[in-house]
Amino acid sequence: MTHELWIFLIASLMATSCALVGSLMVLRRMAMIGDALSHTVLLGLVLAFMLTGERSLTVMFVGATVVGLVTVFLTDLLNRMGKLQKDACIGIVFTFLFALAIILISAYTGEIDIDQEHLLYGEIAFAPFDTFEWQGQDVGPRAFWSLLFVTVANLLFIVIGYRHLQTVAFNASLATALGMSVNLIHYALTTMVSLTTVASFEAVGAILVVAMLVIPANTAYLFCRSIQGMLIWSVIFAIAASISGYYLAVWADASISAAIAMMSGFIFILILITVGPESVIQKIKFRFGLNRMNLS
Amino acid sequence: MLEPFLEFWSLSDPNVVWVLSGAVLLGSSTGVIGSFLFFRKHSLIGDALAHAALPGVMSAFILFQSRDPLVILGGAVVSSFIGFFFIDYMNKHTKIKEDSALAIVLSLFFAIGIFELTYIQKLDIAAKSGLDKILFGQAAALVRADVIVLGIAGLLSLAIVVLFYDKLRLITLDRQFARAIGMNVLFYDLLLTFAVVLSVVIGLQIFGVVLMAAALLFPVAAGRYWSDSLPWILALCGIIGATSGAVSANISYLAPQMPTGPWMVIILSLIFLLSLCFAPHRGVISRYLKNRRRNQRINDENLLRSFYVIGERRNDFVRAIAPEQILSVRNMSGWILHESIRRMQRKRMIEHDNFHYRLTTKGLREAEKITRYHRLWELYLTRQANVAPNMVHDSAEDVEHLLTPELEQRISQELGNPQNDPHGRTIPNHQLVAGEQSR
């Protein structure tokens with residue numbers, strides 16, 4: 001029972017932190033940058049581990065943040081110097097850094113405690129066993145503490161920077177005119193995404209992170225009209241996906257993290273069909289209503 | 001290390017021939033198809049479609065319980081197409097932003113695929129081993145049956161490009177025009193999408209789902225630096241893709257435990273970096289040099305004009321001028337001045353005289369030309385564009401470096417061969433002066 005409880009806690013914290021920072025990214029049109037970051041932080045983990053030989057949270061966070069910022073910086077550099085389209089630059093930079101990470105991992109198998117499947121879809125089922133000791137006391141899973149830290153950090157980030165984030169999200173040129181540094185906020189958001197990704201990474205792998213960053217936020221985006229609404233609803237959808245996903249995985253005896261991502265996708269499709277003026281149901285009603293009027 | 005390398009390239013092993021030819025064919029077809037995505041500014045859709053193929057592969061396996069290449073290919077094509085239509089629907093009918101639509105499909109389909117994969121791994125089916133190789137690619141796992149099926153699919157996607165080249169080029173580069181002349185844009189869009197899906201799906205075998213985007217993107221990103229014409233770029237993409245396929249097949253043969261996808265990306269990155277830096281005209285180094293040459297020319301011309309202005313004030317072009325005096329009429333860093341003087345000395349425009357400098361006859365003629373351009377343009381702006389005389393200097397500073405003798409003549413004619421600029425100074429007429437000197 002406690003095992004299951006830990007998994008719920010870890011999954012919910014992961015879902016909350018991803019949904020919060022994901023909402024901001026979706027509004028800033030940074031979804032594919034989120035995808036890129038979720039791949040490249042792996043290089044940060046591997047390099048940090050190779051340089052220091054330890055897996056402490058600080059080392060991981062620093063490594064991932066540095067590589068995350070480097071990813072965004074390189075993308076911008078290539079965009080300016082190489083005169084290539086932005087999305088092509090994203091694709092080039094992230095596949096290169098990710099390939100580097102995979103080669104390092106397969107070249108030093110045994111020395112690096114990450115295997116290929118693990119990094120793609122993680123294994124949240126084992127997360128509760130990887131406990132964290134503080135002053136000789138067993139205080140619970142590592143993943144729980146790192147995710148708790150990141151969730152709190154994300155909340156603080158949003159509360160402190162709320163006005164700036166809101167302005168930049170909806171009207172970047174107004175923000176510039178008001179004297180806010182759009183670049184600074186861009187890099188700050190990148191840092192938060194890197195932190196969130198790396199904390200989620202160990203438990204749930206790279207792909208689930210992208211799913212949780214993008215899908216619940218977009219589900220909320222379908223019908224929300226304010227940034228608060230989006231933040232709150234995306235967290236609700238994310239947690240609902242974690243819990244239903246867990247039971248789905250237990251039932252089918254498959255990967256929990258993949259099931260959670262899948263459930264968030266199904267919730268998205270459900271909302272897409274039913275809720276809001278752009279929903280499929282509304283579209284069908286509208287079409288038939290219109291046809292009837294034309295006939296009469 | 002060397003021996004297996006030679007053994008690979010001696011092609012004595014028939015399996016090597018199959019793997020190599022397969023990898024070359026797949027590499028070139030993805031490279032060519034990728035360039036169409038790039039020019040349509042849909043570079044990352046290949047990434048999404050590759051991820052979207054995964055659940056198709058897994059579902060086909062669950063349904064038919066076989067790893068027959070046709071079954072796997074069919075499943076992948078179907079689910080990749082579903083992914084494409086989902087993205088298309090979200091873009092057209094909802095407010096979901098384009099990049100979000102890609103990320104949603106990518107992560108959702110991949111999650112479904114992984115869910116099925118982990119489900120399959122716990123089943124008791126003999127053929128299931130090696131199914132996960134599709135994530136990162138394993139060229140060495142290709143067998144003859146795979147190569148034949150994949151090869152036909154690759155040729156098919158290349159054939160689509162060759163047969164419908166004109167139409168595809170038109171909808172890629174100028175959709176508005178294609179629509180205006182009544183082309184069936186929707187049909188060719190679908191055709192192109194079919195070719196894309198086909199080459200993404202067959203590429204998965206050697207490049208892997210996760211890094212498929214690189215196989216589509218890198219060749220065109222590198223080829224773009226070498227040429228401006230689409231046929232050349234397409235040919236280059238084919239060659240680059242084929243090279244990377246061959247190299248990754250080689251690596252996979254030498255180190256069977258290594259996944260091939262990442263190595264292919266590293267090879268492609270090298271090709272890309274070389275192109276980015278060293279390509280003529282568009283490469284970073286070539287652009288940097290061109291910029292520097294232009295800046296140097298501007299500095300040199302500014303220097304000559306400063307000499308002229310000082311000489312004009314003194315009414316004496318023979319007495320040598322100290323460099324500090326140049327700095328008093330023109331805001332220039334000491335280093336740039338020093339470099340510029342050295343270049344002008346080399347070109348025999350300026351001569352040295354006891355740490356002072358004077359214009360040579362050749363230099364004087366050049367300085368007059370620049371000054372003439374400057375003052376003519378000032379006059380042109382005040383007369384023809386009604387700009388106030390105190391506002392024209394900055395524009396003339398730029399234009400003096402751009403004017404050509406033909407333009408100069410036309411401006412001069414239009415102004416009626418004027419003698420003075422709007423500030424009352426003489427406009428030098430180098431033909432006249434040169435004539436006087438020769439006399």
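Predicted model: local features only at pLDDT ≥ 70, side-chain atom pairs only at ≥ 80, totals over all residues.
# Notebook: cavities, pocket and chain contacts

I worked with a 1 Å grid over the protein atoms alone, where a cavity is a set of points at which a 1.4 Å probe fits but cannot get out, a pocket is an open set with protein on both sides within 12 Å along at least five of seven lines, and lining residues have an atom within 4 Å of a point. Among the residues that line the second largest cavity I noted A:I33, A:T71, A:D76, A:K86 and A:H186. Helix α3(A) gives the most to this lining, with four residues; helices (H or I, at least four residues) and strands (E, at least two) are DSSP runs, numbered from the N terminus. A search of the whole structure gave me six cavities of 30 Å³ or more.

Residues are numbered from 1 along each chain as its sequence is written, chains are lettered from A and ligands numbered from 1 in the order in which they are written, and side-chain values use heavy atoms, with hydrogens and water left out.

I then looked up the largest pocket, which has a volume of about 880 Å³. Of its 35 lining residues, B:K41, B:H42, B:I45, B:N91 and B:E98 are the closest to its centre. Which helix gives the largest share of the lining? I found that it is α9(B), with seven residues. By class the lining has 17 nonpolar, five polar and 13 charged residues, where Ala, Val, Leu, Ile, Met, Phe, Trp, Tyr, Cys and Pro count as nonpolar, Asp, Glu, Lys and Arg as charged, and the others, Gly among them, as polar.

I found 55 residues of chain B in contact with 59 residues of chain A, contact meaning heavy atoms within 4.5 Å. The two chains bury about 5000 Å² between them, 74% of it on carbon and sulfur atoms; buried area is the accessible area (1.4 Å probe) that two parts lose on being put together, summed over both. B:K95, B:K97 and B:F115 supply 14% of the area that chain B buries against chain A, more than any other three residues.

I counted one salt bridge between chain B and chain A, taking the term as a side-chain nitrogen of Lys or Arg within 4 Å of a carboxyl oxygen of Asp or Glu. The side chains that meet in it are those of B:K122 and A:D253, at 3.5 Å from N to O. On the side of chain B that touches chain A, α5(B) gives the most, with 17 residues, and by class that side has 37 nonpolar, ten polar and eight charged residues.

In one of them B:D189 pairs with B:R175, the closest N and O atoms being 2.8 Å apart. Because B:D189 lies in helix α9 of chain B and B:R175 in helix α8 of chain B, this pair ties together parts that are 14 residues apart in sequence.

Definitions and conventions: Points joined across faces, edges and corners; volume = space filled by probe spheres on them.
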